[in-house]
Amino acid sequence: MNATWVRDRLREGLGQAILSSLSIRPGEGVRTVLLFALLLLTAAVHVMGRTARDTLFLSRYSIEALPFMFVAYGVTSAVTVVVYSRFAQRSTRHRVIMGWSAVGIATYAGTWGFVQAEASWIYPVFYVWSEVFANLLLSQFWTLANELCDPRAAKRLFPTIGSARVLGVILVGLATGAVVRVIGTAQLLFVLAALLLAVAALALRLGRETKPVRVLPAPRASKVSKAKASVLHDPYLWALAAMLLAAFASLTVGDYQFKALARAAYKEDELAAFFGFFYAGTGVLSFFFQVFATPRLLRRFGVSMGLSVMPGVFGAACALLLAVPALSVATVMKFADNGFQYTIHDTTM
């Protein structure tokens, strides 16, 4: 028996066993790997962008200016989504991601130029824009993923694909803490541009996996008005909106507390390194929680339990922070946000 033949059969069997353990069926492997890689890079852009914008802003502005950034982000994101929605429907999903990546590359390169010119206004502008950009990029990814996977496939594949976000947090968190000491915080903007170039390339490749979407005729005005009326009177929708509003408000206040304590403890590059290692540690714990705990909790206790994990841990840490206003406690509180939100909370939602 040929040794090469035996080795190939063993590799094939191992590959099939891995795919089977991940609930990936024949014909889904390439698409799943591409989506996994795209989410990994998208998460990297999100985490590294946050590290850069927090460090650049908090090293030059007082912590008292942070609430104004939260307000500016809310207004800017609302306006951006309204404008974006008018253009997004005119193109395919993968082309939208490619175009948005090009916008990001241009704005990150421009931001670096203004930082070098020491333009003070660029720091609050970049603080708001980087968050708007990264969050919309994540939304674009999941829109594309939902187009490529039907509901049954999504139930099998999304836990595996979704773990890429946690892995991205780990890798970028570890890399950022080391890289920033070599190239400095401002040069992270070039790394972000390179990541977005890779995002655009993967989106182009995923374009071959998409199926043409049939454009439906526009509904009549009467049907649209009836649909809007039924949605606005839906108690489930209002309850969900109230829950999201309360969660966003509390997480925003917690984010302020965490950054205020971090800024008091670290300066410039040390602050960037702290944020990087925090995201890395959060990613490691979140990855194991997502793989081993999330499926078991949802199977045994259901949706209600899944939705209560993040607010439960976050609320307990907030209560402790009142008694012990230390960075270590605020870090646990922030972990409840970053760690559980992107794992069990998003999966349950």
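A pocket, on a 1 Å grid over the protein atoms alone, is an open set of points with protein on both sides within 12 Å along at least five of seven lines, and its lining residues have an atom within 4 Å of a point. In the largest pocket here, 41 residues form the lining; Asn 135, Arg 165, Gln 341, Tyr 342 and Asp 346 lie nearest its centre.

This is a predicted model: local features need pLDDT of at least 70, side-chain atom pairs count only at pLDDT 80 or more, and totals for chains, interfaces and linings use all residues. Residues are numbered from 1 along each chain as its sequence is written, and side-chain values use heavy atoms, without hydrogens and water.

**Pocket and cavity**

A cavity is a set of grid points where a 1.4 Å probe fits but cannot get out. The count comes to 1 cavity of 30 Å³ or more. A volume is the space filled by probe spheres set on the points, which are joined across faces, edges and corners. For residue classes, Ala, Val, Leu, Ile, Met, Phe, Trp, Tyr, Cys and Pro count as nonpolar, Asp, Glu, Lys and Arg as charged, and the others, Gly among them, as polar.

| Space | Volume | Lining residues by class |
|---|---|---|
| Largest pocket | about 1500 Å³ | 20 nonpolar, 11 polar, 10 charged |
| Largest cavity | about 90 Å³ | 5 nonpolar, 5 polar, 2 charged |

The cavity lining includes Arg 50, Arg 165, Tyr 279 and Tyr 342. Two or more residues come from each of α2, α6, α10 and α11. Helices are DSSP runs (H or I, at least four residues), numbered from the N terminus. α10 gives the most to this lining, with 4 residues.

**Two helix pairs**

Axes are lines fitted to C-alpha atoms over the stretch in contact, and angles run from 0 to 180 degrees between N-to-C directions. α2 and α10 pack at about 150°, with axes 9 Å apart. They are therefore roughly antiparallel (over 145 degrees). Their crossing is right-handed (the near helix is turned clockwise from the far one by less than a right angle). Contact means heavy atoms within 4.5 Å. Among the contact residues are Arg 50 of α2 and Tyr 279 of α10. The contact of α2 with α10 holds 6 nonpolar, 3 polar and 3 charged residues.

The axes of α5 and α6 come within 13 Å and cross at roughly 160°. That makes α5 roughly antiparallel to α6. This crossing, too, is right-handed. Trp 142 is one of the α5 residues in the contact, and Arg 165 is one of those from α6.

Conventions
Angles under 35 degrees count as roughly parallel, over 145 as roughly antiparallel, 65 to 115 as roughly perpendicular and the rest as oblique.
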